[in-house]
Amino acid sequence: SSFFKESQSLIYLKVAQAAFVQLAEVSFHHLHSLSLDWHLKKKLGEVIRSMDRGILACDILMKYLFLWLFPAIGECILVVIIFSVYFDYLPL
């Protein structure tokens, strides 16, 4: 059981790192495409802090969805199918 959890974490780590790099590149290019007037009027520290919070929120959401929620739902569906076949209850 712990082997599968560790392998899941390793796979997620590689995907999360790739997604973070892609998101950072897109954000970097977008910030550089904005006008100088925008940069002078905005407080860039607040913008960067908001971006970091958004990235962290997306990371937490993906981690909960793909490492805990989807496997749990899949396991529940598999158990229901196994029980229905084993006990000959197939009105599903």
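# Helix packing, a salt bridge and exposed residues

Biologist: Is Ile48 buried, partly exposed or exposed, and what is its relative accessible area?
Modeller: Ile48 has its place in helix 3, helices being DSSP runs of H or I of at least four residues, numbered from the N terminus. Taking buried as under 20% relative accessible area, exposed as over 50% and partly exposed as in between (1.4 Å probe, protein chains only), Ile48 is partly exposed, with a value of 40%.

Biologist: What kind of model is this?
Modeller: Residues are numbered from 1 along each chain as its sequence is written, and side-chain values use heavy atoms, with hydrogens and water left out. Local features need pLDDT of at least 70, side-chain atom pairs count only at pLDDT 80 or more, and totals for chains, interfaces and linings use all residues, the model itself being predicted.

Biologist: How are helix 1 and helix 3 oriented, roughly parallel or roughly antiparallel?
Modeller: Helix 1 covers residues 2-33 and helix 3 covers residues 44-86, and the two pack with axes 11 Å apart at an angle of about 150 degrees. The axes are lines fitted to C-alpha atoms over the stretch in contact, and angles run from 0 to 180 degrees between N-to-C directions. Angles under 35 degrees count as roughly parallel, over 145 as roughly antiparallel, 65 to 115 as roughly perpendicular and the rest as oblique, and therefore helix 1 and helix 3 are roughly antiparallel.

Biologist: Which residues of helix 1 meet helix 3, and how many nonpolar residues does the contact have?
Modeller: With contact meaning heavy atoms within 4.5 Å, helix 1 contributes Lys5, Gln8, Tyr12, Ala16, Phe20, Leu23, Ser27 and Leu31, which meet residues of helix 3 including Met51, Ile55, Phe66, Trp68 and Pro71. By class, this contact of helix 1 with helix 3 has 3 charged and 2 polar residues, and its nonpolar residues number 14.

Biologist: Where is Pro71, and which residues does it contact beyond its neighbours within four places in sequence?
Modeller: Pro71 belongs to helix 3 and is partly exposed, at a relative accessible area of 30%. Setting aside neighbours within four places in sequence, Pro71 touches Gln8, Leu65 and Phe66.

Biologist: Which residues form the salt bridge?
Modeller: A search of the whole structure finds 1 salt bridge, the term requiring a side-chain nitrogen of Lys or Arg within 4 Å of a carboxyl oxygen of Asp or Glu. Asp37 is partly exposed at 43% relative accessibility, whereas Lys41 is exposed at 65%. At 3.4 Å, N to O, the side chains that meet are those of Asp37 and Lys41.

Biologist: What is the separation of the C-alpha atoms of Cys58 and Ala72?
Modeller: Cys58 is in helix 3 and is partly exposed at 46% relative accessibility. Its C-alpha atom is separated by 15 Å from that of Ile48, 10 residues apart along the chain. For Cys58 and Ala72, 14 residues apart along the chain, the C-alpha separation is 20 Å.

Biologist: What is the phi of Asp88?
Modeller: Asp88 lies in the segment after helix 3 and is exposed, at a relative accessible area of 67%. Although Asp88 is a residue other than glycine, its phi is positive, near 50 degrees.

Methods:
Nonpolar A, V, L, I, M, F, W, Y, C, P; charged D, E, K, R; others polar.
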